[in-house]
2 protein chains.
Amino acid sequence: MGESVTQAGFDIATVQRGARLRRSPFFDATRRAGCRGYTVYNHMFLPIQYDDMEQEYWTLLNDVTVWDVSVERQVEITGPDAFALTNLLTPRDLTKCRVGQGKYVAITAEDGGIINDPVLLRLGENHFWLALADSDVLLWARGVAYNSGMDVEITEPDVSPLQIQGPKSKPVVQALFGERVLQLPYYYFLETELDGIPVVVTRTGWSGEVGYEIYLRDGSRGDQLWDRVMEAGKPYNIAPTGPSDIRRIEAGILNHGIDMTLEDTPYHVGLEWLVN
Amino acid sequence: MGESVTQAGFDIATVQRGARLRRSPFFDATRRAGCRGYTVYNHMFLPIQYDDMEQEYWTLLNDVTVWDVSVERQVEITGPDAFALTNLLTPRDLTKCRVGQGKYVAITAEDGGIINDPVLLRLGENHFWLALADSDVLLWARGVAYNSGMDVEITEPDVSPLQIQGPKSKPVVQALFGERVLQLPYYYFLETELDGIPVVVTRTGWSGEVGYEIYLRDGSRGDQLWDRVMEAGKPYNIAPTGPSDIRRIEAGILNHGIDMTLEDTPYHVGLEWLVN
């Protein structure tokens with residue numbers, strides 16, 4: 001293990017997986033690609049490093065990176081009252097979110113505490129996904145629905161996002177999905193297929209750089225999707241990485257669980273723009 | 001690392017802690033005591049191994065073990081409607097749970113799915129703790145309360161349990177708390193102090209052996225409590241251990257997240273006795 005993955009006074013070799021902890025559809029691919037470190041997030045393994053962290057930063061800034069973010073588990077909300085419930089879960093005004101559009105939102109508790117800060121996708125008038133940070137929003141949403149009298153279904157679907165970030169993400173997704181993907185405005189998405197693999201492609205990411213996410217809709221096809229992305233990225237120096245904390249801190253992106261918790265409201269952490 | 005902490009095809013050295021992941025009040029003590037492996041549970045580190053697993057099993061069966069289970073975070077429910085809400089969260093009939101008594105309960109969703117299987121302690125008519133398995137019941141409980149019209153407060157207090165298990169746990173807790181602790185019936189508890197450290201001592205555990213848990217009520221006193229327990233246990237070969245999966249499987253104790261999940265009801269996993 002490189003020195004850069006050892007944190008002050010704590011040998012990472014002592015952190016162990018357990019059978020409770022789930023693996024992503026890309027897990028085997030990340031092993032083969034030489035992933036050197038995982039953490040645990042939403043009861044799953046999150047790959048955090050393949051190479052020197054400065055090298056990963058420069059790949060993100062100059063070329064294009066692939067990061068397995070399947071741990072951003074989706075909560076899917078459907079049913080006649082799906083809009084009403086989802087709009088209740090977040091202080092952002094979802095009447096301004098079109099079908100085919102996403103929004104970065106805060107999910108807040110009854111006292112305004114930040115429960116989570118997902119990317120929300122509106123797939124239909126009454127069809128939403130929340131791509132979660134590390135807390136069980138499935139339980140919160142089902143709890144809120146419990147006594148609400150609303151007619152909704154709240155589940156965790158088989159959906160696993162993969163981030164493609166950096167300036168050369170554009171030619172990579174173009175090679176995979178054609179010209180139309182370059183027309184996507186920031187936070188919009190399209191539902192499509194790649195070699196018959198059902199995906200949603202979004203103009204989003206957690207990097208501060210231009211980028212896309214490919215939401216895999218069939219967990220059995222993870223290896224195939226990974227290989228197609230790496231192949232399309234070869235001419236652009238594509239490399240698998242973990243999160244770039246250097247870049248996201250430069251960009252002022254907050255990390256739920258560290259920079260904001262249930263003890264903070266959006267007003268405490270500079271996210272008042274998420275409140276309408 | 002011993003071979004016994006390497007799991008098939010996966011090098012534990014690649015599992016890494018992150019800043020999101022909290023440490024227990026006993027964390028430094030577990031490091032000093034030579035803990036060789038941690039996993040992640042309720043957004044915290046859970047010590048899982050110090051010695052050969054068979055050796056830990058025999059210590060549990062013959063002598064006495066100490067296991068830091070601070071990850072069993074408490075959800076505290078108080079307020080005028082605390083009994084009503086808590087009784088709604090579980091299918092077990094809490095009218096049969098006295099103040100000073102605990103119950104092993106299932107927390108179930110609207111469709112009967114098992115959200116968690118905590119030890120519940122009733123500290124007052126309207127004062128409950130739930131010592132949790134690995135899911136955010138705080139969010140579920142607050143969600144259910146949200147539209148319920150019930151007057152309750154639901155928080156995560158500064159309470160960290162430590163398990164003392166095995167046949168010689170009796171003389172150890174007797175040395176610490178006196179004769180009266182030996183009078184505790186199974187699943188009863190007492191609120192007391194040790195050198196001014198506020199604790200709750202329960203006749204419970206996750207081991208299949210006779211045992212106690214000491215719930216520390218002041219996180220700043222973790223080191224002190226650990227040292228007092230180790231000192232009292234010295235004549236009885238006390239040793240720190242992780243969970244004994246060998247013993248708990250022998251005893252038929254289920255592990256939430258593996259043996260039962262949100263997809264199972266109590267009837268699917270032989271826990272129908274938790275439903276009244």
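## Strand pairing

Two strands count as paired if DSSP finds at least two bridges between them; strands (E, at least two residues) and helices (H or I, at least four) are DSSP runs numbered from the N terminus. This is a predicted model, in which local features need pLDDT of at least 70 and side-chain atom pairs count only at pLDDT 80 or more. Residues are numbered from 1 along each chain as its sequence is written.

In chain A, β5 pairs with β8 (residues 119-124) in the antiparallel sense over 3 bridges. Within this pair, Gly102(A) stands opposite Leu121(A) of β8(A).

## The sheet

An open, antiparallel sheet of 5 strands in chain A has the order β5-β8-β9-β4-β10. Its edge strands, each pairing on one side only, are β5 (102-104) and β10 (153-155) of chain A. From one strand to the next the twist averages 20 degrees.

## Helices on the sheet

Contact means heavy atoms within 4.5 Å. Angles run from 0 to 180 degrees between N-to-C directions, and axes are lines fitted to C-alpha atoms, for helices over the stretch in contact.

Helix α3 (residues 82-89) of chain A lies across β4 (74-78), β8, β9 (127-131) and β10, at about 135 degrees to β4(A). Helix α4 (residues 137-146) of chain A packs on the sheet and touches β4, β9 and β10, its direction making about 165 degrees with that of β10(A).

## The helix pair

The axes of α3(A) and α4(A) come within 11 Å and cross at roughly 115 degrees. Leu85(A), Leu88(A) and Leu89(A) of α3(A) meet Trp140(A), Ala141(A), Val144(A) and Ala145(A) of α4(A).

Technical notes. Chains lettered and ligands numbered in written order. Heavy atoms only, no water.
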